[in-house]
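Morning, everyone. Please look at the model on the screen while I talk.

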Amino acid sequence: QVQLAESGGGLVQPGGSLRLSCVVSGSISRFNVMGWYRQAPGKERELVARIIGGGSPSYADSVKDRFTIVRAKDLKALYLQMNSLKIEDSAVYYCNFRATMYGRDSWGNGILVTVSS
């Protein structure tokens, strides 16, 4: 079983930046993919960014060129650098770990990001 713990959320003005962190612990599968999801009030949860191993990142069109996903070299932490934040980026952000050999997902509890003037 994998445990995930997010941190780094909070309140920021439009155009500002935040860095989200996710610490990974427990029994980690050798083959896995990690990502960040978000869910705003009245909206479905959506994929923001994901990364395979230490490379091969991909992004939703809405955050491309503004957000950067990075995984620690030891694969025990995941980060999301968010720049040029917009009001529509406000949401609860969730860290995700998928054991690809088993198709099993682990989730953090979520962390709130609020972008407001």
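Start with β1 and strand β3, residues 18–26: they run antiparallel, and six bridges join them. Strands here are DSSP runs of E, at least two residues long, numbered from the N terminus. Two strands count as paired if DSSP finds at least two bridges between them. Within this pair, Ser7 stands opposite Ser21 in β3.

A word on the source. This is a predicted model, so local features need pLDDT of at least 70 and side-chain atom pairs count only at pLDDT 80 or more, while totals for chains, interfaces and linings use all residues. Residues are numbered from 1 along each chain as its sequence is written, and side-chain values use heavy atoms, with hydrogens and water left out.

Back to the strands. What is the order of the open sheet of four strands? It goes β1-β3-β8-β7, with antiparallel pairing. At the edges sit β1 (2–7) and β7 (67–71), and each pairs on one side only. On average, neighbouring strands of this sheet are turned by 15 degrees against each other, direction ignored. For that angle, axes are lines fitted to C-alpha atoms, for helices over the stretch in contact, and angles run from 0 to 180 degrees between N-to-C directions.

Next, β4, residues 32–39. Six of its eight residues are buried. Buried means under 20% relative accessible area; exposed is over 50%, and partly exposed is in between, with a 1.4 Å probe and protein chains only.

Which strands pair with β4? One is β9, residues 91–99, antiparallel, with eight bridges. Another is β5, residues 46–52, also antiparallel, with six bridges. Follow Trp36: it stands opposite Cys95 in β9, and its bridge partner in β5 is Ala49. β4 and β5 form a hairpin with six residues between them. In that turn, Gly42 has a positive phi of about 75 degrees.

Now the two residues. Ala99 lies in β9. Is Ala99 buried or exposed? Buried, because its relative accessible area is 7%. Leaving aside neighbours within four places in sequence, Ala99 is in contact with Ser29, Phe31, Asn32 and Arg104. Contact means heavy atoms within 4.5 Å. Ala99 and Ile52 are 47 residues apart along the chain, and their C-alpha atoms are separated by 11 Å.

Last, Ser106, in strand β10, residues 104–107. Ser106 is buried too, at 15% relative accessible area. With neighbours within four places again set aside, Ser106 is in contact with Val2, Leu4, Cys95, Asn96 and Phe97.
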